Amino acid sequence: MLDELRGLLNSRSGPQALLLVELNDPVRWREALGFERAAALFEQLSQQLHNLFAARASVKRFGDSALCIFLPKVHNAGHAVLAAERIRRCVLDSSEEVAALARLLRIGIALHPRDGETADVLLRAAQLATAMARRRSEVVAVFDSGCSESLQASNRIGAALGAALDDGQLTLHYQPKVRINDGTVIGVEALMRWFDGVATVATPDVFIPAAEELGLGHEFAWMSLTNGLRLSQSLGGLPVAVNITPAVLHQKEFVEMVESALRAWDTRADTLTLELTEGALVADFAEARARLTHLRKQGIRVSIDDFGTGYSSLSYFKSIPADELKIDKSFIVRMVEDSADQRLVAAIIALAHQFDLKVVAEGVESRACLDMLAALDCDSAQGFLFGPAMAEDRLRHWLWESRSARVGA
Ligand code: C2E
Ligand code: CA
Ligand code: CA
């Protein structure tokens, strides 16, 4: 495979992209399907991709569960990501059995000459990008120079996590969520913190993926759910939102875990909101949808987190299994100065309301920003303007002060 790649690099001119297409956790699906069946399915998948690209690109087997696709005339990462999206759609449109592999797809992208001049370096970059995709539970990742550093860092973190869990170094903090038109606190979002007694060891966007890699995803989700619901109950049923990663959503125990957490704290289903990213729904829409629909029937709310950063199509709105959209903080923070971001936020709010979704803006840091959101008819807001995520006792104090301030006002 490497020799062919070298040959292609020498014979073609212009920028090119290497897409490394892998199936996540190949050992497990091969065991689940049986070796022969798995091999036959993978052969079908590779044939589909040969047909998809026909003469425009070379598609080569790489080991028994990966393919290398070498695309000519790719001028930027955006082009390569679009090609990856076509791969995903092609898999989804195949026979039912092949389509079921879509949720296992991980595609790492490396660009020539940007990420490497030689075949070996380029392949290594694509492998690191695939590892990043796996770690983030996303279908596609593009190599950047931070990939290898961040993988090393999360390996170090992984080693310390188990002990941190046993020592009680991981706790939940809670950030208030405020209704914009009257300033009422309508709930909190549970956010995890790792503090070793002296300092913060790592931030959750780093240690949560590392925990999942170690197979601790379920345990972490259980911790967020039960702590969040316990707090909610102690505050008279204040609604609480809990972040759920794509990997946890796709575990077969997921629905049972949520239901038993609600039973354990004897809480009403509608006090719980599950925050999921668009990616969680895109990876395997049918299955995720069925689970969320089941939970929503009981009254549990679903919120689409980081909205605007994914790559879902507009038709997604027609059948989105959610009650709420959270507009990603990158848009909200920039909105104050950038009129394009402001128009984008206005359009998202209007579209969401058309489909009966509530809209939350995250990352509200200034009064000016809040005023703009109020004018755009945004429903609620979270951000440093109101308060950061706080430990339980600080939150109680904050709630007490904010109530007295409103009563005084
Ligand atoms: P997220 O769910 O999008 O959470 C919002 C992040 O924005 C939080 O970062 C929060 O502290 C931060 N933030 C809040 N207000 C502001 C603001 O006004 N300005 C700015 N610039 N940032 C603000 P945090 O706590 O570091 O969490 C990062 C991400 O880690 C979260 O993003 C979430 O995806 C994940 N995460 C955190 N806790 C958990 C957890 O318990 N379980 C899971 N699965 N993921 C978690
Ligand atoms: Ca969130
Ligand atoms: Ca977010």
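## Cavity, pocket and calcium site in a predicted model

The largest cavity has a volume of about 40 Å³. This is a predicted model, in which local features need pLDDT of at least 70 and side-chain atom pairs count only at pLDDT 80 or more, while totals for chains, interfaces and linings use all residues. Residues are numbered from 1 along each chain as its sequence is written, chains are lettered from A and ligands numbered from 1 in the order in which they are written, and side-chain values use heavy atoms, with hydrogens and water left out.

A cavity is a set of points, on a 1 Å grid over the protein atoms alone, where a 1.4 Å probe fits but cannot get out; a pocket is an open set with protein on both sides within 12 Å along at least five of seven lines; lining residues have an atom within 4 Å of a point. Grid points are joined across faces, edges and corners, and a volume is the space filled by probe spheres set on the points. By this rule there is one cavity of 30 Å³ or more.

The residues that line the largest cavity are Met1, Glu4, Leu5, Leu8, Ser58, Lys60, Cys68 and Phe70. At least two lining residues come from each of α1 (2–11), β2 (58–61) and β3 (66–72), and α1 gives the most, with three residues. Such elements are DSSP runs numbered from the N terminus: helices (H or I, at least four residues) and strands (E, at least two).

The second largest pocket holds about 1,100 Å³ of space. Its lining has 33 residues, and Asn24, Asp25, Arg28, Arg103 and Leu104 lie nearest its centre. Helices giving two or more residues to this lining include α2 (26–33), α6 (119–136) and α13 (285–297). The largest share, four residues, comes from α2.

The table sets out the two linings by class.

The chain is divided into domain 1 (2–145) and domain 2 (160–401), with bounds from an automatic or database domain assignment. Their C-alpha centres lie 32 Å apart. Both domains give residues to the lining of the second largest pocket, so this pocket lies between them.

Strand β9 (residues 240–243) pairs with strand β7 (residues 185–195) in the parallel sense over three bridges; two strands pair if DSSP finds at least two bridges between them. Val240 in β9 is the bridge partner of Val188. Strand β10 (residues 272–277) runs parallel to β9 and is joined to it by four bridges. Here Asn243 stands opposite Glu275 in β10.

The calcium ion (ligand 3) is coordinated at 2.1 to 2.7 Å by Asp305 (OD), Asp306 (OD), Glu362 (OE) and Glu362 (OE). Donors are N, O and S atoms within 2.8 Å of the metal (3.2 Å for Na, K and Ca); water is not among the atoms, so sites may look incomplete. Asp305 coordinates both the calcium ion (ligand 3) and the calcium ion (ligand 2), which are 4.4 Å apart. Asp306 is partly exposed, at 27% relative accessibility, whereas Glu362 is buried, with a relative accessible area of 9%. Buried means under 20% relative accessible area, exposed over 50%, and partly exposed in between (1.4 Å probe, protein chains only).
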